[in-house]
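Subject: Structure for you to look at

Hi,

Here is the structure I promised to pass on.

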Amino acid sequence: MTDARAPKRLFIETYGCQMNVYDSERMRDVLSPLGYVVTKKPDDADLVILNTCHIREKATEKVYSEIGRLRAHKERRQAEGKGMTIAIAGCVAQAEGEEIIARAPEVDLVVGPQAYHKLPELIARAARKTGERLAADFTAQEKFDALPARAPDGVTAFLSIQEGCDKFCTFCVVPYTRGAEFSRPLADVIAEARSLANKGVREITLLGQNVNAYHGGATFADLLSELAGLSGIARIRYMTSHPIEMTDELISMHGSEPKLMPYLHLPVQSGSDRILKAMNRKHDGAFYRDIIGRLRAVRPDAALSTDIIVGFPGETEKEFEATMQLVRDVTFASAFSFKYSARPGTPAASMMGQVSDEAKHERLQALQALLFAQQTAFNAAQVGRTLPVLVTGDGRRPGQKHGRSPYLQSVHFNDTSARNGDIVDVRITGSSQNSLAGELPVLATA
Ligand code: SAH
Ligand code: SF4
Ligand code: F3S
């Protein structure tokens with residue numbers, strides 16, 4: 001038996017979106033009072049949690065192959081008389097909980113995204129080897145209320161304000177895995193932000209599957225104003241937004257609120273009106289272009305990122321070309337692009353005209369070449385500019401610091417005096433696809 005007083009080792013592997021990153025942090029917070037200390041390797045962990053993603057087939061497959069790898073560690077530890085509890089959390093757990101239990105006997109516990117506050121109890125039960133399975137039959141509100149205070153580990157933090165989705169894009173599993181839209185009350189969000197600020201956080205990224213659909217007793221724009229009123233918080237971001245929720249009030253706020261970073265992640269998915277309709281995105285290409293135009297009118301230095309799917313059922317070459325044209329017209333500072341992946345239970349999975357993998361592959365290559373060129377050009381365009389950089393830690397080499405530009409670019413610069421959490425003006429001297437290099441200007445700025 002293990003010594004009850006010895007620290008227990010916890011390994012969490014996170015897949016998927018920022019919601020999962022946030023949830024993993026919260027799981028760590030809920031387990032640390034029980035003596036769990038995070039370890040970087042699964043080999044010697046007492047508890048392994050895979051926080052899974054169901055969005056595309058590949059993401060789901062990864063989970064099963066990772067479980068396969070864990071089996072060997074678990075068997076070895078059992079032979080040493082130690083044991084290892086394996087818990088599957090996240091969206092695959094929610095969607096395929098029973099299947100996991102049936103397919104993977106080494107899994108002790110399955111827990112859906114709304115039930116993480118129950119983890120201590122579930123793990124205790126799993127340790128008693130009752131072969132338990134539990135999915136989310138709790139509300140999101142209960143989860144938020146029951147989780148302990150945040151323990152941020154840096155000057156930037158995620159803050160989840162909204163979960164779930166009622167939009168039902170025809171390709172997407174999220175409405176099924178995360179359930180109906182739920183917004184946390186404004187007062188709770190502000191209290192959490194204040195507590196993060198008191199612990200040294202300077203930059204907050206508000207999270208939600210449809211973050212700008214927030215309706216927790218205030219509009220999303222109102223929430224942003226309240227947040228901007230907190231003196232410790234210097235920078236605010238939010239993701240992921242839906243184009244149809246970009247209200248006039250929110251767009252104009254990008255022009256008037258300096259704490260709101262000039263960088264917006266706004267998924268477009270396709271540039272073809274017919275495909276957008278088949279996707280049930282509830283807007284067309286012109287609507288998206290109009291938002292971008294109005295955003296750039298109030299905030300000329302705004303940059304954009306997006307999500308795009310190629311090879312949605314029925315997508316023709318011409319319709320794909322419409323996506324390429326939209327990308328050329330809008331120009332993105334960065335983007336995520338994916339081959340359409342048919343997901344069980346979603347309407348698009350049974351649509352006619354499924355596109356061959358070969359065609360999807362070709363389209364993705366062409367699209368990514370264009371997006372890569374735009375991202376590289378955007379980064380190169382920063383060279384010579386002086387950007388306010390939030391210092392987040394030490395750089396790669398001695399005498400270097402690392403930080404974040406307003407556009408989320410990672411910046412390495414020469415300096416020894418700046419402290420984490422400072423915002424310093426850095427003259428950008430070099431760029432690559434993913435990061436910038438810089439130095440402090442010789443003359444101090446006013
Ligand atoms: N709530 C967000 C994003 C959700 S998932 C939004 O509405 O934009 C993140 C991205 O994964 C999506 O924007 C979409 O581009 C991609 N995605 C979702 N389902 C997919 C599928 N079945 N196949 C390929 N990509 C998908
Ligand atoms: Fe999925 Fe659409 Fe909801 Fe985004 S808005 S989570 S893509 S259903
Ligand atoms: Fe994946 Fe679930 Fe996020 S399916 S993208 S982890 S909401």
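Start with ligand 2: the residues around it are Cys165, Lys167, Phe168, Cys169, Phe171, Cys172, Val174, Pro175, Asn210, His242 and Arg281. By type, that shell splits into seven nonpolar, two polar and two charged residues. Keep in mind that this is a predicted model.

Next, ligand 3. Its surroundings are made up of Cys17, Asn20, Thr52, Cys53, His54, Ile55, Cys91, Val174, Arg178 and Gln209. Cys17 is partly exposed, at a relative accessible area of 39%, whereas Cys53 is buried, at 11%. How many disulfides does the structure hold? The count is zero.

Now the aromatics. There are six aromatic pairs in the structure. One of them joins Phe168 and Tyr176 edge-to-face, with 5.6 Å centre to centre and 75 degrees between the planes. Both partners are partly exposed: Phe168 has a relative accessible area of 37%, and Tyr176 comes in at 41%.

Phe312 and Tyr340 make another edge-to-face pair, at 5.5 Å centre to centre and 70 degrees between the planes. Phe312 sits in the loop between strand 12 (303-310) and helix 12 (317-330), and Tyr340 in the loop between strand 13 (334-339) and helix 13 (357-380), so this pair ties together parts that are 28 residues apart in sequence. Are these two residues buried or exposed? Phe312 and Tyr340 are both buried.

The charged end of Arg56 sits over the ring of Phe338, at 3.6 Å from its centre. Arg103 lies over the face of Tyr64, also with 3.6 Å to the ring centre.

Then some backbone details. Most residues other than glycine have a negative phi, and most peptide bonds are trans. Against that background, here are the spots I'd flag. Met239 and Thr240 are joined by a cis peptide bond, with omega about 0 degrees. Thr240 belongs to the loop between strand 10 (235-239) and helix 9 (248-256). Thr331 has a positive phi, near 60 degrees; it is in the loop between helix 12 and strand 13 and is partly exposed at 37% relative accessibility. Leu408 has a positive phi too, near 65 degrees. Its place is the loop between strand 15 and strand 16 (410-414), where it counts as partly exposed at 40%.

Last one: Lys401, in strand 15 (residues 400-404). This lysine is buried, with a relative accessible area of 11%. From Lys401 to Ser417 the separation is 16 residues in sequence and 9.2 Å in space, C-alpha to C-alpha.

Cheers

Key:
Residues are numbered from 1 along each chain as its sequence is written. Chains are lettered from A and ligands numbered from 1 in the order in which they are written. This is a predicted model: local features need pLDDT of at least 70, side-chain atom pairs count only at pLDDT 80 or more; totals for chains, interfaces and linings use all residues. Side-chain values use heavy atoms; hydrogens and water are left out. A residue is near a molecule or strand if one of its heavy atoms lies within 4 Å of it. Rings of Phe, Tyr and Trp (its six-membered ring) pair if their centres lie within 6.5 Å; planes under 30 degrees apart count as stacked, over 60 as edge-to-face and the rest as tilted. Buried means under 20% relative accessible area, exposed over 50%, partly exposed in between (1.4 Å probe, protein chains only). Helices (H or I, at least four residues) and strands (E, at least two) are DSSP runs, numbered from the N terminus. A charge sits over a ring if NZ of Lys or CZ of Arg is within 6 Å of the ring centre and within 35 degrees of the ring normal. A disulfide is a pair of cysteine sulfur atoms within 2.5 Å. Ala, Val, Leu, Ile, Met, Phe, Trp, Tyr, Cys and Pro count as nonpolar, Asp, Glu, Lys and Arg as charged, and the others, Gly among them, as polar.
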